[in-house]
Amino acid sequence: MAILYKSEARRGAEWARVFAEKRPDLPFRLWPETGDPTAIRYMAVWVPPDDLAAFPNLEVLFSIGAGVDQLDLSRVPDHLPVVRMIEPALASGMAEYVVWSVLSLHRRMPFYLRETRGGGWGQQPLREAESCRVGVMGLGVLAQPALERLAAFGYPLSGWSRSRRTVPGVTCYAGAAELPAFLAGCDVLVCLLPLTEETRGMLNADLFAQLPQGAGVVNAARGGHLVQADLIAALDAGRLSAAILDVTDPEPPPGGDALRAHPQVWLTPHIASMTGWRSAAEVVLANIARHESGRPMDGVVDRARGY
Ligand code: NAP
Ligand code: GLV
């Protein structure tokens, strides 16, 4: 039996060291060197090989990422458990990005950078954190530590999820019926939803129209959540003040794409957070130990929900 790793090679080299140290009995194969495909019992991938059927003894498909939309679950046999990445480096990286982007929008940094680079020196009144309401779509593993850190600044916080959640210090909304009330209270809206059939295209004109005038938007989830033309129209109309996007569809956006040139859009190249090297290998090893001793693994994807 063996594990096949198919993702960034530098991280793979670190995983190979961790596996050699902690599970010398479990050979570690780095894609495309699969060895005998019938020996592959586990895979850790960003995107799986085209022909999963060539690995008939595969028992668990581990996602290198927290999200699993890139796996195209429709190609993964139903019987095969898919396990997403839940590990501390991903959570702390995302919390840093969310704090940075919320502070940037609250303190109007897109405006001030444009202003000073354009030769101006215009100032606007300082808006207190207590009057800048921040709402996070998604109240999962990545959203909750981010909200915890945002609380230190004094922002009134809210969150929206599919099922009812309770998060200390956060006004929680749930389901489609409570979405309008949630949106009406977001001066800065942060998207940390998984990309599913239900959430694709959610950041659209209808949603922007429900935000307070001049709200800022952060998308650190997936590019597929955003209807790009609707965002540009909302920015151009002054309905939204600025957007910070870590993800786009496609990635990267083509040269000349309207997002790249828009003065009220800040783009980052899908770096909001990154799966840790050693910490993620250790999390996968712990899940393999659970699987081998018949205990439930942490992060098993609900195939019906898509996350
Ligand atoms: P998670 O723990 O599964 O949390 C997802 C949250 O979204 C949950 O609160 C869930 O509600 C909510 N949700 C799902 N579908 C919904 C719907 N239809 N309506 C309302 N709420 C819904 O996920 P996570 O680990 O926090 O990760 C979130 C996403 O971040 C990932 O899927 C990935 O796409 C993205 N990500 C991006 C980066 C980056 O660098 N840009 C890095 C890592 C991850 P319930 O609580 O009711 O289940
Ligand atoms: C990164 O985007 C992830 O899903 O972990």
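Which residue has an N or O atom in its side chain 2.6 Å from an oxygen atom of ligand 2? It is His270. Good morning, colleagues. This is a predicted model, in which local features need pLDDT of at least 70 and side-chain atom pairs count only at pLDDT 80 or more, while totals for chains, interfaces and linings use all residues. Residues are numbered from 1 along each chain as its sequence is written, chains are lettered from A and ligands numbered from 1 in the order in which they are written, and side-chain values use heavy atoms, with hydrogens and water left out.

Let me begin with the ligand site. Around ligand 2 stand Trp46, Gly65, Ala66, Gly67, Leu90, Arg222 and His270, each with a heavy atom within 4 Å of the ligand. By class, this shell has three nonpolar, three polar and one charged residues; here Ala, Val, Leu, Ile, Met, Phe, Trp, Tyr, Cys and Pro count as nonpolar, Asp, Glu, Lys and Arg as charged, and the others, Gly among them, as polar.

Gly67 contributes a backbone N or O atom, 2.9 Å from an oxygen atom of the ligand. Ligand 2 on its own has 190 Å² of accessible area, and the protein covers 85% of that (Shrake-Rupley method, 1.4 Å probe).

The search of the whole structure finds one cavity of 30 Å³ or more, a cavity being a set of points, on a 1 Å grid over the protein atoms alone, where a 1.4 Å probe fits but cannot get out. The largest cavity holds about 40 Å³, a volume being the space filled by probe spheres set on the points, which are joined across faces, edges and corners. Its lining residues, with an atom within 4 Å of a point, include Phe62, Arg84, Asn287 and Asp298. Helix H9 (278-292) gives the largest share of this lining, three residues (helices are DSSP runs of H or I, at least four residues, and strands are runs of E, at least two, numbered from the N terminus).

Finally, the backbone. Most residues other than glycine have a negative phi, and most peptide bonds are trans. The bond from Trp31 to Pro32 is cis, with omega near 10°, and the bond from Glu251 to Pro252 is cis as well, with omega near -10°. Asp72 has a positive phi, near 55°.

Terms used
A polar contact is a pair of N or O atoms within 3.5 Å; within protein, one must be able to donate a hydrogen and the other to accept it, and residues adjacent in sequence count only if both atoms are side-chain atoms. On a 1 Å grid over the protein atoms alone, a cavity is a set of points where a 1.4 Å probe fits but cannot get out, and a pocket is an open set with protein on both sides within 12 Å along at least five of seven lines; lining residues have an atom within 4 Å of a point.
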